[in-house]
Amino acid sequence: MKKKMLIAYCNTNELPYITEEDIKRLTCIHISFALINERGEVYWDQKGTEGVLDKIRSINPEMKIVLSIGGWGADGFSQAAATAEGRDKFVKTAIAILEANKMDGLDIDWEYPCSDQAEIAASPDDKETFTLLIKELRKQLDEGKKGRSLSIAAGALRSYIEDTDMCEVQKYLDYVQLMTYDFHGVFTPTTGHHANLYDDAVIDEPKISADQAIKMFVAVGVPIEKIVMGAAFYGRCWTNVPADHFGLGQVPRCRDVRGCSYSRIEEMLSTGEGGFEYHWDDAAKAAYLYNGDTFITYEDKRAISLKVEYVKEHNMAGIMFWEYSEDKTRSLVGHLHSELMK
């Protein structure tokens, strides 16, 4: 069986803090993020990273270093992709950064084609121009140094399937990363798991899970062996949550939803801070906490192990996670690596 990928998204300013042990474990680092300026050019603010990429390569020459372009709220994709001239400028400026820094590939994180929910420009034409942009990236990458990778981070949502032509897009990609997290948050009426592997047995329709998302992408023509499942190194927290089902599937009395890093969650559990009790949803294969008021959904080692098991059983490409700095315990990467190597 082909070796599974272990991909870390890492913010640019966190690159100097990746441990030597983790560099040896990772298959690939996706540096986040390069952005698009008002002229449609890709740019990357790499201040503070001088010499870091060379150091990483010296520790693990086999690991790939990829530049990820975009992220939530990153504008410029719809405008750049709209014309042949715009696509050419986008691609050439992206590849120039890649070549100047001796990187191994590009990753496109357009959140999302045809959608302005992140307060970015959007057009119904994005469905077609997204495909054209990916096709042009593939063409120009292959005209240069051979073997450079091209990937995307895709929303694990039915709307993403409807707003893209993934059957065509996947032809130009080495792998497709599904963001199988953020299933519940400020945009949902109830509390719920944000990175569950399977559908839960509590929350009313519509159901959403990693398993469901993977099946949707396969159904529209994305080979499962190209799909990378997403894991989350952070949780989501609701306050003022009713006690039924230990806070799961409840309508909170206010709309306060916050992010919470894995290391912060582990700190609270180890010290007893907040009086949280641990719960496990065996239907969804997901962990959560509740203290009578606050509900926290997150991924622990047990949940991550089951995601790795799923990846191996279904011959998927591997696992990626967002985001490296969310785990100051530096334990999750080692756990993922050991599970993938079993």
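Mentor: Helix α10 covers residues 301-313, 13 residues in total. Its span from first C-alpha to last is 18 Å, close to the 18 Å expected at 1.5 Å a residue. That expected span is 1.5 Å times one less than the number of residues. Helices here are DSSP runs of H or I with at least four residues, strands are runs of E with at least two, and both are numbered from the N terminus.

The model is predicted: local features need pLDDT of at least 70, side-chain atom pairs count only at pLDDT 80 or more, and totals for chains, interfaces and linings use all residues. Residues are numbered from 1 along each chain as its sequence is written, and side-chain values use heavy atoms, with hydrogens and water left out.

Back to α10. Its buried residues are A303, I304, S305, K307, V308, Y310 and V311. Buried means under 20% relative accessible area, exposed over 50%, and partly exposed in between, with a 1.4 Å probe and protein chains only. Among the elements that cover these residues of α10 are α8 (210-219), β8 (227-232), β11 (277-281), β14 and α11 (332-341). Contact means heavy atoms within 4.5 Å. Just after the helix, N315 takes a positive phi of about 55°.

One of those covering elements, β14, leads us to strand β1. Strand β14 spans residues 318-322 and runs parallel to β1, with 4 bridges joining them. Two strands pair if DSSP finds at least two bridges between them. Across this pairing, A8 stands opposite F321 in β14. Strand β1 also pairs with β2 (residues 28-36), in the parallel sense, over 5 bridges. There, N11 stands opposite S32 in β2. In β1 (residues 5-11), 6 of the 7 residues are buried, so the strand is largely enclosed by the rest of the structure.

Helix α8 takes us on to a pocket. Along with β6 (149-155), β9 (234-238) and β10 (257-261), α8 supplies at least two residues of the lining of the largest pocket. Strand β10 gives the most, with 3 residues. By class, this lining has 20 nonpolar, 10 polar and 9 charged residues. Nonpolar covers Ala, Val, Leu, Ile, Met, Phe, Trp, Tyr, Cys and Pro; charged covers Asp, Glu, Lys and Arg; the others, Gly among them, count as polar.
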